Amino acid sequence: MKKLTIFTITIWLTGSIALAQNSRDTYQAYLSSLTTLWETSVSRQQTAYNQSKSPQDLFMLALTQYGLLNNTMADSDETLFDKYIDAADKNLDKLIELNYKSAEAKAIQSAVTGLKIAYSSWKGMFLGAKSANLIDEAMDEAPGSPVVRKLHASYLYFTPEMFGGDKALATSEFTKAVELFEKGEVSNNWLYLDALAWLGIALNNQGEKQQAREVYQKALSIAPDFNWVKFELLPNAK
């Protein structure tokens, strides 16, 4: 029994260390926006999941894949997007089937569906409703999840008003997402930084430049190397 306990603790510690390392990897990938770092992060998380087959590692893999897919938008790299989208969809479907963080998985799948529409606008005719239904279900299931709230804000911000988008409401949702993230651990949390960045963008676009600057300064106090904020977003809020 003692040997079994030691073995169990060892496995748990190994998994915790790997999870922490993968969190740092994705955090640095987000800050740098480097495709190579995102692909490395996905590869490491895939290895972790292959070894553990745990739903926790599957969720981290899907979240990292979403980060990479989202990052492709910066350079409109549809080839890279196409390389990873099928695996991401499959992993998100499995999380929903397992009922493990299903609300977060639905919210991520809604966002991924939105990226598909961004690359091919004609797909909005049949994927728009799917994206809307997924984020609505996610909000119904877990309105207190910072991940769900952040992705709901993004959905409202990027969806045209005639299809339910609402930039003012999106600003409120980004604010709520930030508050929810801050109730938990925010170190090495790239989605928290992304929520701050988009809250600043939403405020700035509504003419609330002072509030936007305060949000950007907060982000930089957490991540001084957040170059997107430092060299682009903050100067644009002057």
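In the predicted model, Asp89 forms a salt bridge with Lys116, and the closest N and O atoms are 2.7 Å apart; a salt bridge here is a side-chain nitrogen of Lys or Arg within 4 Å of a carboxyl oxygen of Asp or Glu. Asp89 lies in helix H4 and Lys116 in helix H5 (residues 102-119), so the pair ties together parts that are 27 residues apart in sequence. Helices are DSSP runs of H or I with at least four residues, numbered from the N terminus. Both Asp89 and Lys116 are buried, where buried means under 20% relative accessible area, exposed over 50%, and partly exposed in between (1.4 Å probe, protein chains only).

As this is a predicted model, local features need pLDDT of at least 70 and side-chain atom pairs count only at pLDDT 80 or more, whereas totals for chains, interfaces and linings use all residues. Residues are numbered from 1 along each chain as its sequence is written, and side-chain values use heavy atoms, with hydrogens and water left out.

The structure holds 8 salt bridges. Another of them joins the side chains of Glu39 and Lys83, at 3.2 Å from N to O. Because Glu39 lies in helix H2 and Lys83 in helix H4 (residues 78-98), this pair ties together parts that are 44 residues apart in sequence. Glu39 is partly exposed, with 22% relative accessibility, while Lys83 is exposed at 55%.

A salt bridge also links Lys106 with Glu137, whose closest N and O atoms are 3.2 Å apart. Lys106 lies in helix H5 and Glu137 in helix H6 (residues 124-141), so parts that are 31 residues apart in sequence are tied together. Lys106 is buried at 12% relative accessibility, and Glu137 is partly exposed at 36%. Through shared partners, salt bridges join Lys106, Glu137 and Glu141 into one network.

The packing of two helices was also examined. The axes of helix H2 (residues 35-52) and helix H3 (residues 55-71) come within 9 Å and cross at roughly 165°; axes are lines fitted to C-alpha atoms over the stretch in contact, and angles run from 0 to 180 degrees between N-to-C directions. H2 is therefore roughly antiparallel to H3, a term for angles over 145 degrees. Residues making the contact (heavy atoms within 4.5 Å) include Trp38, Glu39 and Tyr49 of H2 and Asp57, Leu61 and Leu68 of H3. By class, this contact has 8 nonpolar, 9 polar and 2 charged residues; Ala, Val, Leu, Ile, Met, Phe, Trp, Tyr, Cys and Pro count as nonpolar, Asp, Glu, Lys and Arg as charged, and the others, Gly among them, as polar.

Methods
Parallel < 35°, antiparallel > 145°, perpendicular 65-115°, else oblique.
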